[in-house]
Amino acid sequence: MKHKVFFDVQCPLCYNVKKIIKALDWTNRIQWIPVQYIERTEYSYLKEEGRDLYDQIHMVTKKGEVLAGFETVRRLLAVLPLTFPIGVLLHLPLMNKAFSPLYKWVSTNRYDWFGRYDSPRTT
């Protein structure tokens with residue numbers, strides 16, 4: 001089973017970060033699902049729960065744990081062989097306090113900085 005990651009395919013930052021992480025996923029452990037199409041999947045319950053799927057990247061781990069925002073980023077980094085050391089460091093005490101606000105700030109401003117694709121980029 002793979003980790004499922006839900007991302008905004010109309011966000012240039014999100015799309016390009018996905019491309020980079022996908023290239024580093026040598027063991028093919030991550031499945032990328034556009035949040036725009038989540039209703040077509042068995043994970044539509046995430047939207048029904050009222051989660052802010054467009055404001056934060058979400059992940060359902062292969063064990064079924066639901067993560068969002070910075071927690072998703074650090075788990076993704078810990079899953080990839082090349083970025084594993086960074087992912088481990090981000091699990092140290094106080095890292096969540098330091099990097100969660102940074103993640104939220106970038107997420108809130110990403111459309112202002114990078115714009116938005118008119119149509120979803122799914123490749």
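Tutor: Let us begin with one residue. Beyond its neighbours within four places in sequence, Ser44 is in contact with Ile38 and Glu39 (contact means heavy atoms within 4.5 Å). The model is a predicted one, in which local features need pLDDT of at least 70 and side-chain atom pairs count only at pLDDT 80 or more, while totals for chains, interfaces and linings use all residues. Residues are numbered from 1 along each chain as its sequence is written, and side-chain values use heavy atoms, with hydrogens and water left out.

Student: Where is Ser44 placed? And is Ser44 buried or exposed?

Tutor: Ser44 belongs to the loop between strand 2 and helix 2; helices (H or I, at least four residues) and strands (E, at least two) are DSSP runs, numbered from the N terminus. Ser44 has a relative accessible area of 18% and so counts as buried (buried is under 20%, exposed over 50%, partly exposed in between, with a 1.4 Å probe and protein chains only).

Student: Now Leu90: which loop holds it, and why does Leu90 count as buried?

Tutor: Leu90 is found in the loop between helix 4 (84-89) and helix 5. Leu90 counts as buried because its relative accessibility is 11%.

Student: What is Leu90 in contact with, neighbours within four places in sequence aside?

Tutor: With those neighbours set aside, the contacts of Leu90 are Phe70, Arg74, Leu77, Met95 and Phe99. The C-alpha atoms of Leu90 and Glu71 are 9.2 Å apart, although 19 residues separate the two along the chain.

Student: At roughly what angle do helix 3 and helix 5 cross?

Tutor: The axes of helix 3 (residues 70-79) and helix 5 cross at roughly 110° and come within 9 Å. Axes are lines fitted to C-alpha atoms, for helices over the stretch in contact, and angles run from 0 to 180 degrees between N-to-C directions. Helix 3 is therefore roughly perpendicular to helix 5 (65 to 115 degrees; under 35 is roughly parallel, over 145 roughly antiparallel, the rest oblique). On the helix 3 side, the contact is made by Phe70, Val73 and Arg74. Helix 5 contributes Met95, Asn96, Phe99, Ser100 and Tyr103.

Student: How do the axes of helix 1 and helix 5 cross?

Tutor: Helix 1 (residues 12-24) and helix 5 (residues 95-114) have axes that come within 8 Å and cross at roughly 105°, which means that helix 1 is roughly perpendicular to helix 5. Pro12, Leu13 and Cys14 of helix 1 meet Val106, Arg110 and Phe114 of helix 5.

Student: Changing topic, in what order do the strands form the sheet?

Tutor: The sheet is open, with four strands in the order 2-1-3-4 and mixed pairing (two strands pair if DSSP finds at least two bridges between them). Strand 2 (30-34) and strand 4 (66-68) are the edge strands, each pairing on one side only. From one strand to the next, the twist averages 20°.

Student: In what sense do strand 1 and strand 3 pair?

Tutor: Strand 1 (residues 3-7) and strand 3 (residues 58-60) pair in the antiparallel sense, over three bridges. Phe6 has His58 in strand 3 as its bridge partner.

Student: Which helices lie across the strands?

Tutor: Helix 1 lies across strand 1 and strand 2, at about 160° to strand 2. Helix 3 lies across strand 1, strand 2, strand 3 and strand 4, at about 110° to strand 4.

Student: Where is confidence lowest, and where is it highest?

Tutor: Confidence is lowest in helix 2 (residues 45-48), with a mean of 90, and highest in strand 4, at 97. The protein averages a pLDDT of 93, and 98% of the residues score at least 70 (pLDDT is the predictor's confidence in each residue, from 0 to 100).
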